[in-house]
Amino acid sequence: MISLNKVNQLYGGTQILWDLNLHIEPGSITCIMGRNGVGKTTLLKCLMGLLPIKSGEILFNNNPLHKKSAESRAYSGLGYVPQGRDIFPLLTVEENLRIGLPVRKDGAKQIPEKIFTLFPVLEEMLHRRGGDLSGGQQQQLAIGRALVLEPSVLILDEPNEGIQPNIVKQIGDVILKLNKEEGLTVILVEQKLGFARRVGQSFRLMEKGRVVAADQMENLTDDLIRHYLAV
Ligand SMILES: Nc1ncnc2c1ncn2[C@@H]1O[C@H](COP(=O)(O)OP(=O)(O)OP(=O)(O)O)[C@@H](O)[C@H]1O
């Protein structure tokens, strides 16, 4: 469904991604893991068109994506929840959710009811400013905003960073429900092992800008953890 083939990326003169290969199957939940600075966020930004790649190709359902704008990638079905959430603090919850609507293929003008079923707190807080929400509520808003586009792939960058355990659990439940009931494909950058094990079906381990190991989640051994994840 998604393939990155020999992707190279540089910030100025510093190369971050090195001949990176990654393949994602439709309907899967994949955790991308690795120590700080190995290039996980850079990889997601390249996939979303927020950073240019120097060489290589990115395919989505066999169509080349790497020359398309970030907006057209969202339009084609990639939903993105960036690290640090990036919600608009001065806009209301409703305004934040509405931002994605113009990009919807079907021209829908209403926020899908499903968002409020998944995250009831967003309906309760609809007229509050984004910046007044707690960190966990802001994360739910960021996920809700991505889901407004009804993406076929949801891409999340460390959604649980600095969030209280009960909301981490809710976010995990939502990911599992959407995957099970709607076949949503999920790509998740995740540092928390417990969450990755609960939600992820498979893992990709990154080191120095490359994917160096890929397997089913049950095969994430203590050896691999020591080698690629332990600090
Ligand atoms: N805007 C930038 N300009 C230059 N270098 C950058 C920029 N953003 C990130 N980097 C560097 O690129 C490397 C990879 O960063 P990236 O954020 O992709 O890693 P990461 O695996 O997501 O780490 P973390 O878990 O800390 O977010 C790091 O060495 C980082 O310092």
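**Reading an open sheet**

Student: What order do the strands of the open sheet have?

Tutor: The six strands run S6-S7-S8-S3-S9-S10, and the pairing is mixed. Strands are DSSP runs of E, at least two residues long, numbered from the N terminus, and two of them pair if DSSP finds at least two bridges between them. This is a predicted model, where local features need pLDDT of at least 70, side-chain atom pairs count only at pLDDT 80 or more, and totals for chains, interfaces and linings use all residues. Residues are numbered from 1 along each chain as its sequence is written.

Student: Which strands stand at the edges?

Tutor: Strand S6 (78-81) and strand S10 (210-216) do; each has a single partner strand, so one side of each is left without a neighbour in the sheet. From one strand to the next, the twist averages 15°; angles run from 0 to 180 degrees between N-to-C directions, with axes as lines fitted to C-alpha atoms, for helices over the stretch in contact.

Student: In what sense do S9 and S10 pair?

Tutor: In general, strands of a sheet pair through backbone hydrogen bonds, either parallel or antiparallel. Here S9 (residues 202-207) and S10 are antiparallel, over six bridges. Phe203, for one, has Asp215 in S10 as its bridge partner.

Student: Is Glu25 buried or exposed?

Tutor: Count C-beta atoms, placed from the backbone, within 10 Å of the residue's own: 20 or more others means buried, 12 or fewer exposed, and in between partly exposed. Glu25 has 11 such neighbours, so it counts as exposed. Glu25 sits in the loop between strand S2 (14-24) and strand S3 (29-33).

Terms used
Helices (H or I, at least four residues) and strands (E, at least two) are DSSP runs, numbered from the N terminus.
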